[in-house]
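Take a look at the one below, then follow the pairs.

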Amino acid sequence: MSCGNPQSDVKDPGAETPERRTKPKNKICLKCKTEAPVIQVRHALYCRNCFIFTTSGKFLKWFLATFKTTDIYPAFYIGVSGGPSSRYLLHVLQTQLTPRKGKGNFIRPGAAEKLVVIYVNHANVVPGAQNLRKDIENMIKGYPNAEIIEVDVDSAWKDSQSSISAQLSGLPGQPPSGTTSSSTADLFDSTLATSSLESHLSLLTHHLILREARKHADGLVGKDKELPLFLATSATRVTIKLLSSMSRGRGWSLGSGEVQPESSQFGMRIYQPLLNTSSKEIAYFNKYVVPDDSKPVVNRTFSTFAPPKSSIDRLTEELVVSLERGFPSTVSTVAKTGNKISFAGEAKEGERLCTLCGWPARAKANDWKNGIAITKLDDKVESTESDQPSLADILCYGCYTNLTDSRARSEVNYALPGWTNEYAESQKLTEESMREEIKDCLLDDDE
Amino acid sequence: MSTTTNLKIEFGGGLEILFNNTPELNVSLSTQGKPTVRDLIKHLADEHINERKELFIEGDTVRPGILVLINDCDWELRDELDGELEQGDVVVFISTLHGG
């Protein structure tokens with residue numbers, strides 16, 4: 001093995017071994033059998049037209065299998081960051097919904113009366129990030145019945161003066177100090193690790209999209225009916241998410257929806273139709289099909305220009321793209337494996353939802369954490385004497401680990417988003433309604 | 001005998017940030033014989049990136065996650081690094097990496 005020193009005489013014996021790549025033997029398009037190929041997807045070669053047809057056809061096939069032809073929805077919601085995957089999803093979704101004459105009008109238009117694009121602006125939180133509202137307006141300008149809802153990450157803290165926030169700030173019964181925006185800044189300023197920053201931002205973005213979609217849907221169909229929300233997670237991205245989520249301690253809830261093609265959360269039916277489409281297919285499709293004046297825009301993230309070891313997500317991304325280049329079919333295999341993971345927690349005791357991320361949380365995350373962490377005896381004595389419910393009692397292990405990764409360490413000094421209180425209340429209601437259902441079977445203490 | 005080949009280079013997927021926010025470049029490559037993609041990558045890394053070259057180049061190739069198209073054709077179908085470039089070719093580099 002190499003010692004890592006480039007000047008060393010000791011070399012890694014595997015370093016000089018060339019990548020094992022299988023070259024396709026045929027030099028014609030797999031589909032039309034006549035044209036010269038221009039793209040290789042895994043081990044298949046396509047000409048330009050067949051590639052476009054096959055890629056959009058993959059979405060169409062999924063769409064027709066998922067939505068009944070008789071259903072007409074008041075709106076389809078779609079989370080758009082402006083990046084390649086969401087630009088691609090926006091294009092194929094709009095293409096299917098826009099009435100056109102002639103070839104290419106694959107399905108009847110009107111599955112949804114309008115398309116609502118939800119964009120979460122990161123410019124206030126991520127250094128160097130731009131507000132992409134104008135770029136996204138440009139992306140939908142040609143489409144009828146499309147509207148944009150823009151929301152700032154800061155707005156997660158609206159109505160955040162909840163008992164949970166106060167409790168987490170270490171001041172029971174008092175609202176957290178600071179304004180809405182300073183709470184956001186506090187959260188991101190006091191988080192040290194890039195992994196946690198990325199995790200906070202991803203979680204806030206997901207929930208803001210959900211909540212804005214639900215708020216809009218309430219006005220259209222009332223509170224009881226689910227409407228479709230589309231998210232543009234690609235096969236490459238879901239593979240990264242699957243591996244990094246497990247690394248962050250989110251394995252318990254993986255089968256519940258984060259990496260699934262369909263799930264329900266916060267009254268929205270979430271669809272992730274690109275879980276079988278690689279980032280390479282998306283990039284080529286955008287290059288070939290999307291007009292030059294509305295190409296995807298890549299915004300800065302916390303790890304832009306950062307070395308691979310700067311965060312769990314970055315390092316996982318490095319692993320996955322290397323795997324994709326060396327062994328092209330492996331990433332789609334991992335992504336498909338993610339689809340098969342099912343949640344096994346229903347039969348367990350103490351099942352509950354995390355009040356921050358909303359996914360199932362394993363009971364007693366703190367016990368688990370204490371079991372694998374080195375703690376001082378003093379801290380342990382202090383924590384057992386406290387009457388307050390601990391963070392671990394209301395959060396999942398992943399959120400708990402992220403939140404406690406701050407300068408304060410032993411005390412979380414910032415408020416949590418407003419929805420935490422709402423989730424906690426809804427869980428109480430669920431427990432009460434369950435008790436109501438089985439009340440005839442319960443024995444009173446007096447009996 | 002040295003020949004000069006003029007090429008048009010385009011960047012996408014955020015890669016333009018590495019090249020001083022320049023989405024397009026015109027490059028003249030002087031080589032013995034026809035230049036290859038390997039020559040172009042080395043030229044771009046040496047002459048057009050001021051810092052963080054490692055985000056573009058790894059060894060003598062582009063980093064995993066960066067796609068290359070030569071005249072709208074996947075470079076994997078054109079011998080990748082050994083693919084020869086012609087006068088006036090358009091070479092596109094697209095990053096699929098969020099962090100880079």
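## Salt bridges and a hairpin

A:K287 is partly exposed, with 24% relative accessible area. The model is predicted. A:K287 makes a salt bridge with B:E10, and the closest N and O atoms lie 3.3 Å apart. This pair joins two chains, because A:K287 sits in helix α8 (residues 279-289) of chain A and B:E10 in strand β1 (residues 2-12) of chain B. B:E10 is buried, at 16% relative accessibility.

Side chains of opposite charge can pair when their charged atoms come close. Over all chains, the count is 28 salt bridges. Three of them are listed here.

| Pair | Closest N to O |
|---|---|
| A:K287 and B:E10 | 3.3 Å |
| A:D292 and A:K295 | 3.9 Å |

B:R78 is partly exposed at 25%, while B:D89 is buried at 6%. In chain A, A:D292 is exposed at 69%. A:K295 is partly exposed at 23%.

Salt bridges also form a network, which links A:R237, A:R314, A:E317, A:E318 and B:R63.

Now the hairpin. Strand β7 (residues 262-265) of chain A runs antiparallel to strand β8 (residues 268-271) of chain A, and four bridges join them. A:E262 has A:Y271 as its bridge partner. Two residues separate the strands, and A:F266 in the turn has a positive phi of about 50 degrees. Which residues are on the covered face of β7(A)? They are A:S263 and A:Q265; A:E262 and A:S264 are on the uncovered face.

How values were computed. Residues numbered from 1 in each chain as written. Chains lettered and ligands numbered in written order. Predicted model: local features only at pLDDT ≥ 70, side-chain atom pairs only at ≥ 80, totals over all residues. Heavy atoms only, no water. Buried < 20%, exposed > 50% of the residue type's maximum accessible area, 1.4 Å probe, protein only. Pairing = 2+ DSSP bridges. Salt bridge = Lys/Arg side-chain N within 4 Å of Asp/Glu carboxyl O.
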